[in-house]
Amino acid sequence: MPELPEVEFGRRLAERVACGRRIERVRCADDRLVFDGVRPGEVARRLRRRIVLSARRHGKHLWFELDERPWPLFHFGMTGHLRTRGEPALALETGVAAGDTTWPPRFAKIHLWFDDGGELVMTNARRLGRIRLRDDPLREPPVAGLGFDPLHGLPDLRTFRELLSRRPRSALKALLLDQGFAAGVGNWMADEILFQAALDPRRKAGGLAAAEVRALRGAIGRVARTAVAAEARKERFPPNWLFHARWEHVRPATLADGTPVARLRVAGRTTAWVPSRQR
DNA sequence: CTCAGTGTTCAGTG
DNA sequence: TCACTGAACACTGA
């Protein structure tokens, strides 16, 4: 569930399944890579018998407020997901077929049982995700170093312009991927934002006209809100989004109306864009 | 068999 | 200092 909309989907799932409940049982996989800076057994010990007060998110990080600290903090890497019993896997979950209801799911890293019978599992097939413990996630790394979260409110235009002016020589694509700038934007969101703002991914942040700055800021908020409103379900994304063209392995890729979609390597990542519309 | 990939970090280079 | 590149991490599916 790697980008903002998918993590927000997970947060809402956790809110529904976990909030107000007591954790009765915890099972952690013996995985020293995913459990970062803490042994799996200690996470299990700290969470057992705690009450979940809320599920919070900033960018791609998700954490639970408990009745006692420390709190668990999750990052999903490229392949992590939150699942609950009885709800099928979404499409694009690595190693799990869409619609699969096998329980517990493959690649479970932490499994929580609640006092009302509910269950929550974090999966992480490729093990690039992390589970950490923090006393105060917002004030400690890595969350403390994140930029604004587009779903929590955009910086006003003046502040946004100032943020751009701090990185004048950065390509727009690289800037959008920088979690210290806009938290939660990943590869497909960055491409979608630049497509909707009609900006070439290689343009420098310091070289935008006033109207382009406004368009960029607007697109960041619109892409985040629209994807979250669609519950991160790709088939519900607006049909005119670039998103639908980016995974097509057919060549050449095009938009629904036949406009060519090009591929480019920017900031080390594969970038899909529409040269005829992005300047 | 090879390689790309919804992410992050770090060493090396210009 | 800034910014970019490539590698590393790990593993599945095309």
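This is a predicted model: local features need pLDDT of at least 70, side-chain atom pairs count only at pLDDT 80 or more; totals for chains, interfaces and linings use all residues.
Tutor: Residues are numbered from 1 along each chain as its sequence is written, with chains lettered from A and ligands numbered from 1 in the order in which they are written. Local features need pLDDT of at least 70 and side-chain atom pairs count only at pLDDT 80 or more, while totals for chains, interfaces and linings use all residues.

Student: Where are the domain bounds in chain A?

Tutor: Such bounds come from an automatic or database domain assignment. Here, domain 1 is 4–145 and domain 2 is 157–273.

Student: How many residues of each domain are in contact?

Tutor: Contact means C-beta atoms, placed from the backbone, within 7 Å. Eleven residues of domain 1 touch twelve of domain 2. Helix H1 (residues 4–18) gives the most to the domain 1 side, six residues; helices are DSSP runs of H or I, at least four residues, and strands are E runs of at least two, numbered from the N terminus.

Student: Which residues are closest to DNA strand C?

Tutor: A residue is near a strand if its C-beta atom, placed from the backbone, lies within 6 Å of it. For DNA strand C, 16 residues surround it, and the closest are Gly 95, Arg 127, Arg 169, Ala 171 and Ala 174.

Student: In what sense do E2 and E3 pair?

Tutor: Pairing takes at least two DSSP bridges between two strands. E2 (residues 52–58) and E3 (residues 61–66) are antiparallel, with six bridges. His 58 has His 61 in E3 as its bridge partner. Two residues separate the strands of this hairpin, and Gly 59 in the turn has a positive phi of about 60°.

Notes:
Two residues are in contact if their C-beta atoms, placed from the backbone, lie within 7 Å.
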